[in-house]
Amino acid sequence: MKRRIEGSRSFTNMFHEDMVHGFVPEGTKELAAEAFSNFESLETVHLPDGLEGIGERAFFGCNRLREISLPASLKHIGRAAFYYCRRLRSLSVPSGIERIADETFLECNLSRIVFSDNLKHIGRLAFAYNNLKEIRIPKTVETLDHGAFYRCKHLIVYDTLQDGLQYAGHNLHPGLATGLPWGGHRVTVLDAATGALKYTFYVAGSLWTPARQEMMELYDGASIDFAHYDALFERVRAAEDRVSIALLRLTHPFELSEAARSTYIDDLHAHAKTALEQVVFDKNYALLKLCSEIGLLTCDNVDYFIHYASERPDNVEIRTFLLNFKNEHCQRGRMDLFL
């Protein structure tokens, strides 16, 4: 099958679905909808300077597309333009783009995105089901639509993010709550004026839907009700979620009461193995020190975690800490038995 690429004038260039390296002719202003849709052999594409628009589903299903450079002249990208481009790893959004449409990069494999400082809106599921471990949203962004970063583990936003948006006739929902994944992720909020950390919190995926929505809706664009947040802890079901929340609250104790602090520490003791495995697996030295300070690491379990750390690559710092803990706290007690 052949398709025509439409631009500011009619082109005779015809493109085959089995092409590997694509190009869009110089002088093209608009790339037609579905221009390269389902070109499953396509690996690279040249987009000319002066290109202003990419049509809907233009590269839909190009699951071998691994490299594309969006020109600085680009002003808009259509819905689902890069949906299911499974080999895309990184992307820079040009400064001319103020809105990213729904599903634009849904189910790609992006691990790195550079946003411009002119971006104002990110649409529904725009970056869902990617490989994003952490993403920083520019302070110019005012709204995130439903599930914009679904499956992203850590989203960093500024307090300029608006606290409401209307979507498809639904009632107003907090912009952050609708834009984030549905649980199992961390949110860090920065002060737009200074860049300083305001607060950070974890949204549990194992809450029943009403409680999870309640937890997300605690954020109102400028603050969070941490007393209410801490009260929801007892409704979190999965041990992994409970551990993540407790460790983060103890590390960043924003408005943390003594009663809530005791609750978190007691729960970590009840799930000590899960907590320490998570910390060692993540190679988080600071959290390992915290676990030691609150008594999770003991002479009875340190050998297990030394072995557990030795099975993880590049975990020398963690293993060294565990060995030092054993030498300082355990060996002496055993030697005293023979004195």
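**View 1. The hairpin of strands S16 and S17.** S16 and S17 form a hairpin with six residues between them, and Gly195 in the turn has a positive phi of about 80°. Strands are DSSP runs (E, at least two residues) numbered from the N terminus. The model is predicted: local features need pLDDT of at least 70 and side-chain atom pairs count only at pLDDT 80 or more, whereas totals for chains, interfaces and linings use all residues. Residues are numbered from 1 along each chain as its sequence is written, and side-chain values use heavy atoms, with hydrogens and water left out.

**View 2. Pairing around strand S16.** Strand S16 (residues 185–190) and strand S17 (residues 197–203) pair in the antiparallel sense over six bridges; pairing requires that DSSP finds at least two bridges between two strands. Within S17, Tyr199 is the bridge partner of Val189, and Thr200 is that of Thr188. Strand S15 (residues 154–158) runs parallel to S16, joined by five bridges. Val189 of S16 is the bridge partner of Val157.

View 3. Five of the six residues of S16 are buried, as are five of the seven residues of S17. Buried denotes under 20% relative accessible area, exposed over 50%, and partly exposed in between (1.4 Å probe, protein chains only).

**View 4. The loop holding Arg87.** Arg87 lies in the loop between strand S8 (76–77) and strand S9 (90–92). Arg87 counts as partly exposed because its relative accessibility is 45%.

Terms used: Helices (H or I, at least four residues) and strands (E, at least two) are DSSP runs, numbered from the N terminus.
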